[in-house]
Amino acid sequence: MILVRRRAGGLPTGPARVARARTHELTGGDRVLQWVSGVAATIPLAGLLFITIILVVWAIPAIIYSGFGVFTSDKFFIGNFYSLNFTSVNGVVAPFGANYGALTFIIGTLTSSLIALVLAVPISVGGVLMLSEWIPRRLEGPLSTFLELLAGIPSVVFGFWGLTVFGPFLGAHVFPALSHLGVILPFFKGSWAYNGQGLLTASLVLTLMIIPIIASTTRQLVKRVPVLASEGALALGMTRYEVVRVVTIPYVRTGIIASALLGWGRALGETIAVLLIIGMANNPPVNIYGTTSTLASTIADDLDSALSDGTGMALRAMAMLGLILLIMSLVTNLTGRLVVRRISTESLPVGRGV
Amino acid sequence: MSKTPRLRHVRGVAFWILCGLALLLIITPAVAIILSVLVKAAPQLKLSLFTNTTADLQNPGLQNAILGTLVLLLGVAVVAGSIGVLGGIYLAEFAPRRLGGPLRFFSEVLAGVPSIVIGLVAYTAFVEALHWGFSILSAIIALSLLTLPYIVKTTEVSFSQVPRSLREAAIALGLSRITTIRKVLLPPALPGIISGMVIALAIATGETAPLLYTASFSNTNPSAGLFHNPIGYLTYVTYYYVQLPGAQNQALASAAAGVTILLVLLLIFAGRAITARQRRLMARLDV
Amino acid sequence: MNVRRHASIGFAVITGAILVSACGSTSTVTAPPTSAPASTSSSPTAAAVQTGNPAGPQTLSEAGSSLLYPYLQKLAPGVNSAFANITLTPAAGGSGTGQSEALSGTIDMGGSDAYLSASQVSANPGALNIPIAVSSQAVNYNLAGFPNLKLSGNVIAQIYQGTITTWNNSAIAALNPGVTLPATPIVPIRRSDSSGDTFIFTSFLSATNPTWSSGPSFGTTVSWPTVSSELTASGNPAMVDTLHSTPGGIAYIGISVESAALVDGLGEAELENASGDYVQPDQTTVTAAVTAGAGNIPASLAASLIYEMGAQAYPIVNFEYLIINPSKITSADTALAIRTFIEWAISPTGGATADNLAAVNFEPLPTTVIPQVNTAVAQITG
């Protein structure tokens, strides 16, 4: 008999409730530690508030200047610093001709991350199912090591590999084949850069980067599927595939969605790999191979140019882009973590490397 | 309408073939990336790589970048390590339920903030507004904000995984909490804490975006001074030189990528080894 | 018309500079004496500019122009052997970065092909543009079999506006009689970063094409007209790289990396100058431009040498500036190191040797400008 406490719903609770001495029995040394560690524990919250406040305060002038144009205009130009005139909108003065439309970057961020998500989820789930159902125990350890390795590869190494190996390979061998699809899907028609730089390559590399997050969470969830249920299904004569379809998938479905959201959050914030691979063009992609930009990569690439703006507005525009990115990431991340916490108290997936 | 056994069998086979392909798609790129980077880096692994700095035009090396990364890692270990461990202790040992929940939650939210955003904020607040200039301190703070949630979480989990019986024995003996933590809980929890720190350092080693505008870059070895002191780091070398034409630049980028990956892998394996050792110890400790 | 505009900027700058006090710190207005044996300034008509080896080791951080960067890389070992306590650490990053980081004090000197804009000067009173060399810019293209086509600024502007799209366009053909050009589509390549090369290139386009002048005009960042095939690159070396991989491409490339471009087999355009000659950048043509423009250089040293009127004068010529903000200098030793470096760098026996200049295809400063440079350098106090 397994003595594990279970909540209604059949899931085990987390680590056993911690036994502590009662509060009024704390000594002086205890209180010191309590206060010091208490302050330390609030630092993440303080840091989060600090980040949000700084971004909001710095972005406000740019938001006032651009209004809804932030979301409707795809032209992002920090202005001509050598003109003797300035452009003034709603009382905010910016260099001549400055326009801070973020539509290009929003489109780039969303399309690259969504393509990556759509590809990563089936690959992760399928791979994990294969790992748990068919791979012998002995090999499981080394293979799961690969998952951790993939999680640990730094973003710049992904970018380096994408720029020097993967992109040229795609440009030479894969895109020509894909362009035949252009007959039915016009977005697949067109030309591409010789080194593969562009939306599709960046999305594929992003896929590789978010697979570890989805795969590791899915693996933990698959391990938790009640043995009785799956064995019962097998006893009824279902094939292994049907067991997966009928028992496992419904059980892990919520968790997969949650981890997919977490993975999406990471893909949104990816900076360096995207910067090296996506081509950094100031317009939405003309086709699936086309170059474009994302919010994160634009901030990283243009921040030093923004600093030469004497009015300071370009830096405000960067903060505005950062704020949009922060909101997008937080929304997806929060939703994902809220769902994950309800079903699992395992530790966060390792591997950030943005 | 029942499906024929044949059809069900075929469907099963088709499904598992696809799953096998998926597993292959996970493993192959991982191996391909690591191998191709190491293969490209291998020819550059000569002594001058570690004795010369990037400033050397004839025979550039990575000395300043490696030392810079190590200095930053030390700073992260000190800053994020101390704050994170203390915070984890609070959440595990002191926090009342109503306070602990939100604190944990916000820590996880911080983990979701993109690193370029953290870098941007660190730039505007520290480099510009506080006039620290490109500085080691602003870089360490940016990296610490990034890795703090992991250290807090692993510390808390490590403490809460200490067997209940040990805690009950400490209470029975009338030990104060601080003594309990120091003498009873910390020893078994320590491997987990260290493992968490090591993983956090692995993450920090691979970061570029938050350092671009806080540490900037220096072509010379790190010097003392927390302010107005740019410092080099490995990932920048790859990022910058891969975009330059010429065989020498590409070679330097490859070398830096190879050293970065080796360092990250070393840290990850060290973390796992510590965790595995602890698991064996805990099994023996089972009371 | 273009000279007048630059002169009016210069006038505003001078007025601004006169109305504002020079150095922020009050305690060390008179430069303290150096303790180590000094090798004094070697400028021929120097005012008494205090230079010498600083008392303790000084590292001068520099970043910015990718056009100036190769030259500074050449100078770095030399200044360190002349003055043991001065170490120069140059970096690239684009003129915009050089300007902004120098103005904010993040680095000691900013390399820039462009002088500071009026708004930058008014936001940072006392900031200096100090030229240390004369450089130029070539227009290169990737069209096999045509090493030296004749092009004019007017035509190039139309290429970057998207109105001329193929190499066999009648306008290009008219400039190159007797040459049969292919129908290859033209791919304009431009800088994506805040760039001094963009500044001088667009100055040239503004001087030769009225639509460009009233539209994008000139600057380190301009609103480039949308051309669907246009590519971008960050930094001069990347411009060479991108051009090399793009048949039909055209790009503006700083002279210090030009030898890499020509080795690659890229063509170098013969540009039409204000006097109607078609010239390529070399010592004669660049010097001719400098001589023509050396007469009217304001005290702020913010001068344009673009499209000068003169026989055989190359049209895209510029000063290479070091941007320095004295109010951000924290120690007298640093100021001393900066002054010493600059005076050494512009001296023909110090940094501006024929070898160093030839390695990057730069020309020395005209001697008429040296006194003005010395006056500016004297304002660098800590």
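Which side chains meet in a salt bridge, N to O? B:Arg8 and A:Glu242 do, with 2.8 Å from N to O. A salt bridge here means a side-chain nitrogen of Lys or Arg within 4 Å of a carboxyl oxygen of Asp or Glu.

Ground rules next. This is a predicted model, where local features need pLDDT of at least 70 and side-chain atom pairs count only at pLDDT 80 or more, while totals for chains, interfaces and linings use all residues. Residues are numbered from 1 along each chain as its sequence is written, chains are lettered from A in the order in which they are written, and side-chain values use heavy atoms, with hydrogens and water left out.

Start with chains B and A. The rule finds 1 salt bridge across their interface. Polar contacts come to 5 residue pairs, both at pLDDT 80 or more. That term means a pair of N or O atoms within 3.5 Å; within protein, one must be able to donate a hydrogen and the other to accept it, and residues adjacent in sequence count only if both atoms are side-chain atoms. On the chain B side, helix H1, residues 5-41, gives the largest share, 21 residues. Helices are DSSP runs of H or I, at least four residues; strands are runs of E, at least two; both are numbered from the N terminus. By type, that side of chain B has 59 nonpolar, 19 polar and 12 charged residues. Nonpolar is Ala, Val, Leu, Ile, Met, Phe, Trp, Tyr, Cys and Pro; charged is Asp, Glu, Lys and Arg; the others, Gly among them, are polar.

How much area is buried between chain B and chain A? About 8700 Å², with carbon and sulfur atoms giving 77%. Buried area is the accessible area (1.4 Å probe) that two parts lose on being put together, summed over both.

Now chain C against chain B. Here 10 residues of chain C are in contact with 9 residues of chain B, contact meaning heavy atoms within 4.5 Å. The buried area is about 830 Å², 60% of it from carbon and sulfur atoms. C:Gln73, C:Thr106 and C:Pro237 supply 40% of what chain C buries there, more than any other three residues. Salt bridges: 0. Two helices of chain C, H3 (95-104) and H9 (236-244), each give two or more residues to the side touching chain B. H9(C) gives the most, 3 residues.

Last, chain C itself. It has 14 helices and 12 strands.
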